[in-house]
Amino acid sequence: MKGRCIMQVKFDGNPLEVQGVQPKVGEKAPNAKLVNAKGETVELADFLGKVTIISVIPNVLTRTWELQTKRFDEVTSDKDIQYVTVGRNTVEEFNQWNSDNELNVTTLTDAEGEFGKAYGLDIDLDGNALLTRAVFVVDSEGTIQYIEIVDEVVNEPDYKPALEVAEKL
């Protein structure tokens, strides 16, 4: 479907519109320019080429993100699965979180909103332009094999199906 498509998720039980057109399983993962932990502009396509879990978060400064990130980091660390987190937080916020938690999670900042538009994940939460919580599994050829857009933004994603798909690729 081309054009603007609005879907809804919930935030603390209240409906919240998600702007854009979401990609579908079987489609090529859209590319987008993002900013890495060094403050460099990179392209999402640079991270593809091996099985990749893209974990999308609304805000690094929440307990749900902490749980989501630590869980994906833990279960992918000994596997041949690349894991990246994308959000609208600043590079400094992401780096501080990694430091505070003694982790080295690959974080990518959607500072210009290009990822949110390409993936149809933009939300407005109390005047803050954020991304809704989602998980994508992309195969080594850059094709999306799994998508979860979490219905309730404050909840964690369902890790099991994403990991099962990633492990089979």
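Trainee: Why is D12 called exposed?

Mentor: The relative accessible area of D12 is 55%. Exposed means over 50%, buried under 20%, and partly exposed in between (1.4 Å probe, protein chains only). So D12 counts as exposed. This is a predicted model: local features need pLDDT of at least 70, side-chain atom pairs count only at pLDDT 80 or more, and totals for chains, interfaces and linings use all residues. Residues are numbered from 1 along each chain, and side-chain values use heavy atoms, without hydrogens and water.

Trainee: What makes the phi of D12 worth a remark?

Mentor: D12 has a positive phi of about 50° although it is not a glycine. D126 also has a positive phi, about 55°, and is not a glycine.

Trainee: Why is D126 called exposed?

Mentor: Its relative accessible area is 75%. The cut-off is over 50%, so D126 is exposed.

Trainee: Why is P161 called partly exposed?

Mentor: P161 has a relative accessible area of 24%.

Trainee: What makes a nonpolar core?

Mentor: A nonpolar core is a set of buried Ala, Val, Leu, Ile, Met, Phe, Trp, Tyr and Cys residues joined through side-chain atoms within 4.5 Å. The largest one here has 28 residues. I54, V56 and F136 are among those with the most contacts inside it.

Trainee: Why do such side chains gather?

Mentor: In soluble globular proteins, nonpolar side chains tend to be buried together.
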